[in-house]
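This briefing covers selected local features of one chain. The sequence and structure come first, followed by notes grouped by topic.

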Amino acid sequence: MTAPDARTSTHGTPALTERQEARRRRILHASAQLAARGGFDAVQMREVAESSQVALGTLYRYFPSKVHLLVATMQDQLQHMHTTVRKRPPSSDSPAEQVADTLMRAFRALQREPHLADAMVRALTFADRSVSPEVDQVSRQTTAIILDAMGLDDPTPEQLSAVRVIEHTWHSALITWLSGRASIAQVKIDIETVCRLIDLVEEDKPTP
């Protein structure tokens with residue numbers, strides 16, 4: 001029996017072995033480095049394989065296409081951001097402000113690597129149904145970041161709905177900034193505005 005690879009583990013099969021996880025991390029690191037240098041077009045599967053010291057066939061077993069790879073790279077980058085935020089959580093006065101501060105910190109991290117950000121967002125835009133598991137992981141990671149900033153472990157359906165709208169707005173703001181149609185100041189206003197949904201949901205909660 002062959003050992004599980006990164007693609008099958010995405011679909012819920014057993015976790016990767018330590019060796020496989022180390023190989024996957026090398027691949028994601030190489031993908032991020034190439035994208036940071038030249039964007040979406042700079043990420044070529046053969047170059048990723050060479051940079052990460054894996055066979056090309058092995059790379060395709062982990063990630064069937066460049067889009068799969070770059071979406072997984074975005075999830076990995078968000079996971080790193082989440083770890084950083086947990087070490088230095090926001091100290092704002094309200095959950096809405098804490099989420100806005102957290103998302104702007106994530107946005108500024110992406111702003112420092114515009115080619116990488118553009119490559120990952122383009123991959124999300126190009127993703128079809130075959131990439132759904134990887135896209136779902138990006139969404140779950142973003143949701144986890146927002147819920148952590150809100151200080152919630154057991155959100156209500158209304159709160160989860162607000163989180164989804166915030167997530168969609170953050171993603172849209174990233175796209176408009178990358179395309180040059182929005183400034184950082186405009187992005188900040190949009191993020192702060194949509195995060196007010198959190199306060200509205202709290203106000204609408206029935207009193208016990």
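Predicted model: local features only at pLDDT ≥ 70, side-chain atom pairs only at ≥ 80, totals over all residues.

Gln 53 counts as exposed because its relative accessibility is 67%.

**Gln 53**
- Gln 53 sits in the loop that joins helix H3 (45-52) and helix H4 (56-62).
- Its phi is positive, at about 60°, although Gln 53 is not a glycine.
- Most residues other than glycine have a negative phi.

**Gln 98**
- Gln 98 is part of helix H6.
- With a relative accessibility of 19%, Gln 98 counts as buried, because the cut-off for that class is under 20%.
- Leaving aside residues up to four places away in sequence, Gln 98 touches Pro 90, Ser 92 and Ala 149.
- Gln 98 and Arg 86 are 12 residues apart along the chain, and their C-alpha atoms are separated by 12 Å.

**Helices H8 and H9**
- Two packed helices are described by the angle between their axes and the distance between the axes.
- For helix H8 (residues 132-150) and helix H9 (residues 157-178), the axes come within 10 Å and cross at roughly 115°.
- The crossing of H8 past H9 is right-handed.
- On the H8 side the contact is made by Ser 139, Thr 142, Thr 143, Ile 146, Leu 147 and Met 150; on the H9 side it is made by Leu 160, Val 163, Ile 166, Glu 167 and Trp 170.
- Sorted by class, the residues in this contact are 7 nonpolar, 3 polar and 1 charged.

**Helix H7**
- Helix H7 (residues 114-126) has 13 residues, and the distance from its first C-alpha to its last is 18 Å, close to the 18 Å expected at 1.5 Å a residue.
- The buried residues in H7 are Leu 116, Ala 117, Ala 119, Met 120, Val 121, Ala 123 and Leu 124.
- These buried residues pack against helix H2 (18-38), helix H5 (66-87), helix H6 (95-111), H8 and H9.

**Nonpolar core and Trp 170**
- The largest nonpolar core has 57 residues.
- Val 99, Trp 170 and Cys 195 have the most contacts inside this core.
- Trp 170, which also takes part in the contact of H8 with H9, touches Met 74, Leu 78, Leu 103, Ala 106, Phe 107, Leu 110, Thr 142 and Ile 191, with residues up to four places away in sequence not counted.

Definitions and conventions. Residues numbered from 1 in each chain as written. Heavy atoms only, no water. Axes fitted to C-alpha atoms, helices over the stretch in contact; angles between N-to-C directions. Helix = DSSP H or I, 4+ residues; strand = E, 2+ residues; numbered from the N terminus. Left-handed = near helix turned anticlockwise from the far one by under 90°. Contact = heavy atoms within 4.5 Å. Nonpolar A, V, L, I, M, F, W, Y, C, P; charged D, E, K, R; others polar. Expected span 1.5 Å × (residues − 1). Buried < 20%, exposed > 50% of the residue type's maximum accessible area, 1.4 Å probe, protein only. Core = buried A, V, L, I, M, F, W, Y, C linked by side-chain atoms within 4.5 Å.
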